[in-house]
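Have a look at the model first, then read on.

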Amino acid sequence: MSTRLANTGRLLNRGEPRRFTFNGRKLNGYAGDTLASALLANDQMLMGRSFKYHRPRGVVASGAEEPNALVNLAWGETFEPNARVTTTELFDGLQATSQNHWPSLDYDVGAINTHLSRFLPAGFYYKMFIHPRPLWKHVYEPFIRKSAGLGAAPKDRNADSYEHFHASVDVLVVGGGIAGLAAALAAGRQGARVLVWEQTAHWGGRAGVDQPTVDDMPAVDWIARTIAELEALPNVTLRNRCMGAGLYDHGYALGFERLTDHDPKKAGPKQRLWRVRARRIITATGAIERPLSFAGNDIPGVMLASAVRDYVIDYGVSSGDRTVVVTTNDDAYRTAIALKEAGLDVPCILDARTKVSGELIDKARNLGIRIETGKAVAKVKGGKRVTGVAVCDQAGEGAVLEEIACDCIAMSGGWSPVVHLWSHCGGKLNWDDAQAMFRPDPSRPPLGADGQGFVHAAGTANGHLHTAEAIADGFAAGRDAAKATGATDDAGTPPLGTDAGEGALAQVWMMPQGAGYALRSKAWLDYQNDVKVSDVQLAAQEGYESVEHAKRYTTLGMATDQGKLSNINGLATLSHALSAPIPSVGTTTFRPPYTPISLAAIAGPAQFDLFQPVRKTPISAWHEANGAHFEPVGQWRRPYTFLRWTRIHGCVTPRRAGPSASTGTWKSGCRPNGGTGRSTWPMSPNSSHRSRWSVRKRVMCWTSWAAWTCHQRRCPSCNGLMAHWAALTCASSGFPFRASCPLKLPFPPVKAAPFGMRCWRRAPGSA
């Protein structure tokens with residue numbers, strides 16, 4: 001079971017307890033917890049249900065890449081759906097409820113879809129909902145609309161405030177890991193105006209967890225020293241809890257900052273949207289660990305190895321008492337070592353590679369951890385939580401060699417650089433076969449108006465996974481970016497980093513290599529949308545060879561995480577099904593925002609009186625003093641007409657002719673000769689064309705928009721405008737037209753086709 005550890009948790013303040021509720025259940029945590037770590041500390045492994053099959057889902061990651069654990073936060077005016085538990089900071093009184101289930105999280109009627117999965121493969125909706133056609137309106141469409149979505153839509157007006165902030169800088173650094181801090185340090189020392197965004201509440205990225213050495217000191221000490229130096233520079237601005245949402249042409253960047261989400265009692269706006277113009281942009285956005293595809297890899301308790309390590313070191317939470325590590329690379333050994341040093345049991349490390357050696361492997365062996373090479377997971381045992389794992393040969397078809405009891409599985413399939421921002425405005429990628437990743441192509445960067453590249457990728461976002469390379473690359477990117485803006489001061493010497501050496505990884509896209517359909521149909525790629533390995537293979541079989549077509553046919557990567565965990569595995573699966581190399585298959589399009597941002601933050605202050613600010617001309621005050629009636633022209637208010645001794649009444653309504661006793665306004669009608677039935681209009685009135693009273697020689701006559709646009713008739717005695725829009729319409733349609741003026745003078749009718757209709761209107765006091 002998952003529990004709180006006593007001897008770890010570097011980000012916690014155990015002196016400040018936090019109380020919160022999940023589905024009405026009262027739970028406890030500490031200041032510094034995320035909602036995910038607090039739920040795991042209370043042994044809440046089941047946190048939601050998947051979209052399609054309503055399968056049990058638990059947390060799988062520790063950051064913005066989390067696809068499973070989405071919840072509703074708060075109630076009423078502060079309600080917020082689809083919040084990630086991994087990025088929601090815990091505060092006292094937080095209220096969270098799980099999503100996409102009925103009647104409860106533990107017992108969900110929709111889970112029956114799991115047993116019908118054979119009849120609901122990829123693209124089934126394109127085939128099922130076509131025939132018979134009469135069922136679409138009354139059966140298919142109502143069912144689809146009721147099933148759509150995950151979280152509930154807010155019903156009350158948002159009570160929080162939001163703001164926009166505009167800035168112009170020389171260098172914008174997106175990412176506050178060691179590479180981003182090194183880049184900001186170099187650019188800041190040279191005298192450039194620097195803005196740094198970090199999406200989490202803490203600086204340093206993964207260096208604080210993995211603890212490499214930088215400049216002969218622990219990484220956490222170097223991070224603290226660097227932050228102090230950057231804060232002392234007047235030309236550098238640091239903003240944490242600020243996510244780089246998107247990059248656009250001409251150095252335009254969008255940032256999303258959470259100001260009081262973590263402390264609702266604090267005064268001020270809840271969120272801020274940054275609109276920044278930067279001469280140079282550095283994307284030091286890090287990398288995301290990839291999951292592995294094996295049967296049952298979605299059961300709560302199966303997590304990324306880096307996430308298991310984060311929860312142990314940062315939050316003092318064990319995801320399980322017994323953890324089996326499954327890997328294709330050396331980095332996952334850090335997780336096994338961290339678990340062992342925290343006093344937890346690691347029964348086995350299953351490494352898909354046949355030969356392994358290195359510093360981390362030796363350290364794991366010295367701690368007494370059993371290492372099995374060339375092995376894989378045949379299937380995971382359990383339902384709502386992991387109970388064990390069946391082991392098989394990676395090169396085989398899934399024959400079970402042994403079963404190991406455990407309550408957590410830490411998996412690692414390698415790392416993928418976060419290239420989203422680089423790609424938003426046209427940056428191209430190269431496939432690195434040695435590290436099995438797409439990385440930025442420095443020869444084809446996003447180009448500015450001058451035809452030069454204005455975006456620099458740095459650190460692990462540039463494919464440098466080791467500390468020495470990443471921090472040196474970040475410093476060089478900051479120095480070059482500042483130089484391009486004209487900054488000439490000395491940047492100093494770059495920091496030096498060291499960490500344990502690592503061996504080559506193995507490209508493993510499915511476990512085991514020869515898995516049959518029974519295993520492939522339970523190996524998940526997109527956790528939220530329930531896309532399996534077999535679904536992508538079926539799409540290729542049915543002719544969807546384009547990665548964009550396969551994406552839409554299977555919904556791979558179309559969930560709220562936008563494929564952060566599933567894209568590379570899905571592309572590799574498609575390439576193998578097509579017998580084509582991965583680079584030729586390509587990638588799907590990366591679109592902003594990087595993670596979802598609230599609609600309220602996009603609207604910002606544009607609400608209530610500020611929803612559409614009124615713009616006035618310099619002569620507007622004179623217009624108002626002289627009785628101008630204004631009309632909207634965009635955001636401007638310009639005079640439509642100047643009213644004298646006049647009142648404005650409502651629209652003409654299609655009712656019987658004669659004055660209204662309650663309002664004094666006139667109603668008009670079009671009906672058969674002498675008839676009294678409800679009017680039947682040849683055309684309907686438009687609400688934007690409002691009838692008005694007009695004064696002509698002190699005699700009030702009825703006017704309308706048609707009098708100005710279609711046909712004008714004037715009374716021969718009072719010269720008043722007598723045209724009524726309905727009467728004119730009837731006249732132009734061939735009906736007799738007959739009207740009377742306020743002085744009851746006769747008006748000759750218009751001869752027309754004999755339709756037996758007569759249109760008229762009456763003035764006050766007329767018979």
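Arginine 309 and aspartate 331 form a salt bridge, with their closest N and O atoms 3.3 Å apart. Arginine 309 belongs to helix α8 (residues 305-315), while aspartate 331 sits in the loop between β20 (323-327) and α9 (332-341), so the pair ties together parts that are 22 residues apart in sequence. Both arginine 309 and aspartate 331 are buried. Bear in mind that this model is predicted.

Glutamate 502 makes a salt bridge with arginine 334, and here the closest N and O atoms are 2.7 Å apart. This pair connects distant parts of the chain: glutamate 502 is in the loop between β31 (497-498) and α13 (517-520), and arginine 334 is in helix α9, 168 residues apart. Glutamate 502 is partly exposed, at 29% relative accessibility, whereas arginine 334 is buried, at 14%.

Through shared partners, salt bridges join Arg206, Asp210, Arg309, Asp310, Asp331, Arg334 and Glu502 into one network. Across the whole structure, 38 salt bridges are found.

The largest cavity contains about 200 Å³ of space. It is lined by 18 residues, and Ser416, Pro417, Asn567, Ile568 and Phe590 are the closest to its centre.

Two elements, β27 (415-417) and α16 (567-577), each give two or more residues to this lining, and α16 gives the most, with three. By type, the lining of the largest cavity has ten nonpolar, six polar and two charged residues.

Note on methods:
Residues are numbered from 1 along each chain as its sequence is written. This is a predicted model: local features need pLDDT of at least 70, side-chain atom pairs count only at pLDDT 80 or more; totals for chains, interfaces and linings use all residues. Side-chain values use heavy atoms; hydrogens and water are left out. On a 1 Å grid over the protein atoms alone, a cavity is a set of points where a 1.4 Å probe fits but cannot get out, and a pocket is an open set with protein on both sides within 12 Å along at least five of seven lines; lining residues have an atom within 4 Å of a point. Grid points are joined across faces, edges and corners, and a volume is the space filled by probe spheres set on the points. Helices (H or I, at least four residues) and strands (E, at least two) are DSSP runs, numbered from the N terminus. Ala, Val, Leu, Ile, Met, Phe, Trp, Tyr, Cys and Pro count as nonpolar, Asp, Glu, Lys and Arg as charged, and the others, Gly among them, as polar. A salt bridge is a side-chain nitrogen of Lys or Arg within 4 Å of a carboxyl oxygen of Asp or Glu. Buried means under 20% relative accessible area, exposed over 50%, partly exposed in between (1.4 Å probe, protein chains only).
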